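Please keep the sequence and the coordinates at hand while reading.

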Amino acid sequence: MPTTEDKATKEPQEEEWTFVKTKSRFRRAPPKVPSALKAKHDEPRVYKSAADIAGEYESFRARWRETPCHGHIKQLIRSNVRKHKRVRRAVCLGVGTFDPEDGGWDAKRKSFIQLDGFLTVVEVLSELYDESIPCTLQEPRFTPGDVGFLTGLGHDVVESPAAFDAVDEDTLVFAIHMYRPIYEMALEKTLPAMFVGTGWDTWDGA
């Protein structure tokens with residue numbers, strides 16, 4: 001006859017359950033922004049002066065004009081100038097700002113090199129034609145310092161669409177790596193005397 005102890009061993013023992021309370025992620029307090037970063041973000045942007053930009057440009061210009069690339073551009077223009085109609089004005093589109101908001105060195109370097117590439121083409125043509133060629137630049141990201149720097153060099157700075165409207169059959173258009181709509185606006189009225197930029201075959205059928 002089974003004893004009370006035997007019954008106890010045969011009956012399943014009740015398991016103990018542990019209930020874990022989940023913490024709602026929606027109740028977490030947002031991370032605190034360091035006061036130093038918040039203060040910096042709230043500060044108004046300080047733009048570089050035209051004189052500061054001019055000084056940086058001269059430094060970039062001096063180094064770049066010693067490279068083989070600069071010499072190659074000059075030779076390329078001299079070798080092909082007779083294949084083009086005479087250039088009487090020059091338009092540069094989208095060169096970028098020389099004072100990027102994040103102070104990025106690489107972006108600034110590219111803008112300075114593109115600018116001096118444009119001016120090198122103009123200088124060679126002016127030398128071959130024995131006459132000066134007026135230059136117009138258009139870039140929506142130009143800062144007040146950029147404008148002062150460029151006008152200090154003797155060039156015109158305009159807002160869109162003034163540069164597009166200025167393009168005619170006597171114009172050099174210098175526009176490196178622009179989007180297709182920019183090229184369409186620049187070339188809408190007529191083909192310029194000379195074009196430096198992404199080849200149209202790249203966009204054809206796109």
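Predicted model: local features only at pLDDT ≥ 70, side-chain atom pairs only at ≥ 80, totals over all residues.

Residues are numbered from 1 along each chain as its sequence is written, and side-chain values use heavy atoms, with hydrogens and water left out.

**Overall make-up**

The chain holds nine helices and five strands, where helices (H or I, at least four residues) and strands (E, at least two) are DSSP runs numbered from the N terminus. Read from the N terminus, the order of elements is α-α-α-α-β-α-β-α-β-α-β-α-β-α. Of its 206 residues, 31% count as buried, buried being under 20% relative accessible area with a 1.4 Å probe and protein chains only. Among contacts (heavy atoms within 4.5 Å) with a separation of 6 or more, 66% join residues 24 or more positions apart.

**The sheet**

The five strands form an open sheet in the order β3-β2-β1-β4-β5, with parallel pairing; two strands pair if DSSP finds at least two bridges between them. Because β3 and β5 stand at the edges with a single partner strand each, one side of each is left without a neighbour in the sheet. From one strand to the next the twist averages 15 degrees, with angles running from 0 to 180 degrees between N-to-C directions and axes fitted as lines to C-alpha atoms, for helices over the stretch in contact.

Strand β4 (residues 171-175) runs parallel to β5 and is joined to β5 by four bridges, and Ala 175 has Gly 197 in β5 as its bridge partner. Helix α5 packs on the sheet, where α5 touches β1 (89-93), β2 (135-138), β4 and β5, and the direction of α5 makes about 160 degrees with that of β4. Four bridges also join β1 to β2, again in parallel, with Cys 92 standing opposite Leu 137 in β2. Within β2, Cys 135 and Leu 137 point one way whereas Thr 136 and Gln 138 point the other way, and all are buried.

**A buried loop residue**

Asp 170 lies in the loop between α7 (162-166) and β4. Asp 170 has a relative accessible area of 18%, so it counts as buried. Neighbours within four places in sequence aside, Asp 170 is in contact with Lys 85, Arg 86, Val 87, Arg 88, Arg 89 and Ala 193.

**The pockets**

A pocket is an open set of points, on a 1 Å grid over the protein atoms alone, where a 1.4 Å probe fits and with protein on both sides within 12 Å along at least five of seven lines; lining residues have an atom within 4 Å of a point. Grid points are joined across faces, edges and corners, and a volume is the space filled by probe spheres set on the points.

| Pocket | Volume |
|---|---|
| Largest pocket | about 600 Å³ |
| Second largest pocket | about 360 Å³ |

The largest pocket is lined by 26 residues, and Gly 94, Val 95, Gly 96, Glu 139 and Arg 141 lie nearest its centre. Helix α5 gives the most to this lining of the largest pocket, with four residues.

The second largest pocket is lined by 18 residues, with Ile 73, Leu 76, Ile 77, Val 121 and Val 196 nearest its centre. Helix α4 gives the most to the lining of the second largest pocket, with six residues.

Note on methods
Buried < 20%, exposed > 50% of the residue type's maximum accessible area, 1.4 Å probe, protein only.
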